[in-house]
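Here is a short briefing on how two parts of one chain meet. Please look at the boundary between them first.

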Amino acid sequence: MHNAAFDALGLNWVYLAFDVAPEPSAVGGALAGMRALGIAGLSVTIPHKETVAAAVDRRSSLADALGAVNTVVLEPGGALRGENTDGPGFLRALQDDEGFDPAHKRCLVVGAGGAARAVVRALADAGAAEVVVVNRTPARAEAVVALAADCARVGVAAEAGEADLVVNATPIGMAGGGAEDALPVDPVHLGPGQLVVDLVPNPAITPLIEAARSRGAAATNGLGMLVHQAAIAFRLWTGVDPPTATMSAAALAELARR
Ligand code: NAP
């Protein structure tokens, strides 16, 4: 996505993958290397988001609240700033791609990991009327609710019937994940007027998406979140408006290639 965007804009930048060991010392070394080499930005992914949040020089208020960083920016004086674009990317995908504004809407999120934390916080910040958090391990759901105490509460999947928006933020339904045929929500609770977003990246049409559509609900996958979180990071690094359509096409081409 990023290299396609650099090419499209004629920017002499390159985006490379670095495989970094999970130990904090390795993460600290990678960040020191970034500063020493003058690397303008980093994307951070599993399992490094929390470790990087603790290691950067400063964090945006959102990254601070989430305790997780997915984007690092090298500031002109050499300081490393941690940002989190996952939730804003999710929100932009909802608003720009699906025409769904969460303000005053009832939402239900399944999962309590990093993706769920970002999504719940984003929905609350966007003015959702209610965010019900459903998770296999209830204590983890409580911790997510604490991120959005004004409107979030722990609930059960059967409450999906009252939700305008249902989000799967677990790997249930992911190819090769061991729960390929499982559903995070019983489709009997899904129907017309609802939007279902399944963040599982592969397959493109998950069992949940298929079931939701067959019941008359609108349903989409996590590609929009992936593209928009990257587009927001691109803007933070380069200061240039991202060519989002180019990035989306590149992501689609890559997924098709795999
Ligand atoms: P994570 O931190 O490992 O959290 C996983 C969550 O799923 C936990 O709440 C876990 O419950 C639950 N879970 C896992 N297996 C389960 C099962 N068999 N039955 C019920 N619950 C189960 O993972 P994550 O980073 O949040 O990612 C979650 C999903 O979102 C993944 O599919 C990931 O690929 C996707 N994602 C997409 C994007 C995007 O841009 N589209 C971005 C980030 C993540 P417990 O708390 O009980 O363990």
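Between domain 1 and domain 2 there are 0 salt bridges. Residue pairs in polar contact number 2 across this boundary, with both residues of each pair at pLDDT 80 or more. The model is predicted.

**Domain layout**
- Domain 1 takes in residues 2-84 + 225-257, and domain 2 takes in residues 87-221.
- The centres of domain 1 and domain 2, taken over C-alpha atoms, lie 25 Å apart.
- Domain 1 brings 8 residues to the contact, and domain 2 brings 15 residues.

**Buried area**
- About 1100 Å² is buried between domain 1 and domain 2.
- Carbon and sulfur atoms give 70% of that area.
- On the domain 1 side, the residues that lose the most area to domain 2 are Leu66, Met225 and His228.
- Together, Leu66, Met225 and His228 account for 56% of what the domain 1 side buries.

**Polar links**
- What is the count of salt bridges between domain 1 and domain 2? The count is 0.
- Polar contact joins 2 residue pairs between the domains.

**The domain 1 face**
- Two elements, α4 (61-66) and α9 (223-238), each give two or more residues to the side of domain 1 that touches domain 2.
- The element that gives the most to this side is α9, with 4 residues.
- By residue class, this side of domain 1 holds 5 nonpolar and 3 polar residues.
- No charged residue belongs to the side of domain 1 that touches domain 2.

How values were computed
Residues numbered from 1 in each chain as written. Predicted model: local features only at pLDDT ≥ 70, side-chain atom pairs only at ≥ 80, totals over all residues. Heavy atoms only, no water. Domains from an automatic or database assignment. Contact = heavy atoms within 4.5 Å. Buried area = accessible area lost by both parts, 1.4 Å probe. Salt bridge = Lys/Arg side-chain N within 4 Å of Asp/Glu carboxyl O. Polar contact = N/O pair within 3.5 Å; in protein donor to acceptor, adjacent residues only side chain to side chain. Nonpolar A, V, L, I, M, F, W, Y, C, P; charged D, E, K, R; others polar.
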